[in-house]
Amino acid sequence: MADQPLLTPFQPSDRFLRRVGFSDHITRGGMLIWKAFKERDPTLSFTFQDETLRSDANLDRYQAYYSRSEFFNGNLPGIVWLSFEGLSLRVAPPLVPRQDPNIEEDPTYGHLHCVTDAPRDKAHMQILAKLVNDAEFGGILREFVKLDAA
């Protein structure tokens with residue numbers, strides 16, 4: 001929304017959401033695999049998890065909102081989070097989040113859009129997956145759900 005304020009400087013405990021687009025990126029045992037961070041672009045997209053995205057009901061709305069995107073084709077994307085501290089201090093080289101609003105493309109959540117540099121290689125992606133799986137600096141909030149076509 002055009003009237004949304006820009007984000008303030010990030011704190012170590014701030015969280016960033018990443019949508020997971022494939023069912024095989026989260027195992028049946030609830031572990032994220034490194035391919036969830038594979039990106040063709042030079043940046044990796046995240047959504048800043050502000051107070052409006054903290055409740056289960058609002059996370060459900062967020063997940064449903066993105067299921068309508070062309071990328072997810074009606075399937076519910078998985079949602080994982082990583083903390084600012086995890087991305088900035090626990091990954092080498094660091095992947096420091098920065099604001100990258102895209103309000104015109106996404107009037108609902110675009111003001112919360114952030115990016116980091118894309119991971120440089122598989123080992124870098126594996127570190128990110130480990131942060132999510134260890135649950136101290138990240139975690140899985142929603143699993144990918146493949147919906148049957150009507």
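Not counting residues up to four places away in sequence, which residues does Ser-83 touch? Keep in mind that we are looking at a predicted model. The answer is Pro-12, Asp-14, Arg-15, Phe-16 and Phe-137. Ser-83 itself is found in strand S3, and it counts as buried because its relative accessibility is 4%. Its side chain also has a polar atom lying 2.9 Å from the backbone nitrogen of Gly-86.

Now for the sheet. S3 belongs to an open sheet of 6 strands, paired antiparallel in the order S4-S5-S2-S1-S3-S6. Strand S4 (98–99) and strand S6 (138–142) are at the edges with a single partner strand each, so one side of each has no neighbour in the sheet. Helix H1, residues 56–67, packs on this sheet and touches S1, S2, S3 and S6. The direction of H1 makes about 75° with that of S6. Further in, strand S1 (residues 15–20) and strand S2 (residues 43–48) run antiparallel and are joined by 2 bridges. If you look along that pairing, Leu-17 stands opposite Thr-47 in S2.

Strand S5, residues 113–117, is where you'll find Thr-116. With 0% relative accessibility, Thr-116 counts as buried. Leaving out residues up to four places away in sequence, Thr-116 touches Pro-42, Thr-43, Leu-44 and Phe-46, and also Leu-95, Val-96, Pro-97 and Arg-98.

What about the greasy part? The largest nonpolar core has 34 residues, and those touching the most other members are Phe-16, Leu-32, Phe-37, Leu-82 and Leu-128. At least two residues of this core come from each of S1, S2, H1, S3, helix H2 (84–89) and H3. H3 gives the largest share, with 5 residues.

While you're looking at H3, which covers residues 122–134, pick out Lys-130. The side chain of Lys-130 makes a polar contact of 2.7 Å with the side chain of Asp-134. Lys-130 and Trp-34 are 96 residues apart in sequence, but their C-alpha atoms are 8.3 Å apart in space.

Last stop: the rings. A search of the whole structure turns up 10 aromatic pairs. In one of them, Phe-16 and Phe-84 have ring centres 6.4 Å apart and planes at 40°, so the pair counts as tilted. This pair links distant parts of the chain, with Phe-16 in strand S1 and Phe-84 in helix H2, 68 residues apart. Both Phe-16 and Phe-84 are buried. Another pair, Tyr-65 with Tyr-109, is edge-to-face, at 5.1 Å centre to centre and 75° between the planes. Here too distant parts of the chain are linked: Tyr-65 is in helix H1 and Tyr-109 in the loop between S4 and S5, 44 residues apart. Tyr-65 is partly exposed, with a relative accessible area of 21%, whereas Tyr-109 counts as buried at 11% relative accessibility.

Note on methods:
Residues numbered from 1 in each chain as written. Predicted model: local features only at pLDDT ≥ 70, side-chain atom pairs only at ≥ 80, totals over all residues. Heavy atoms only, no water. Pairing = 2+ DSSP bridges. Helix = DSSP H or I, 4+ residues; strand = E, 2+ residues; numbered from the N terminus. Contact = heavy atoms within 4.5 Å. Axes fitted to C-alpha atoms, helices over the stretch in contact; angles between N-to-C directions. Polar contact = N/O pair within 3.5 Å; in protein donor to acceptor, adjacent residues only side chain to side chain. Core = buried A, V, L, I, M, F, W, Y, C linked by side-chain atoms within 4.5 Å. Buried < 20%, exposed > 50% of the residue type's maximum accessible area, 1.4 Å probe, protein only. Phe/Tyr/Trp six-rings, centres within 6.5 Å; stacked < 30°, edge-to-face > 60°.
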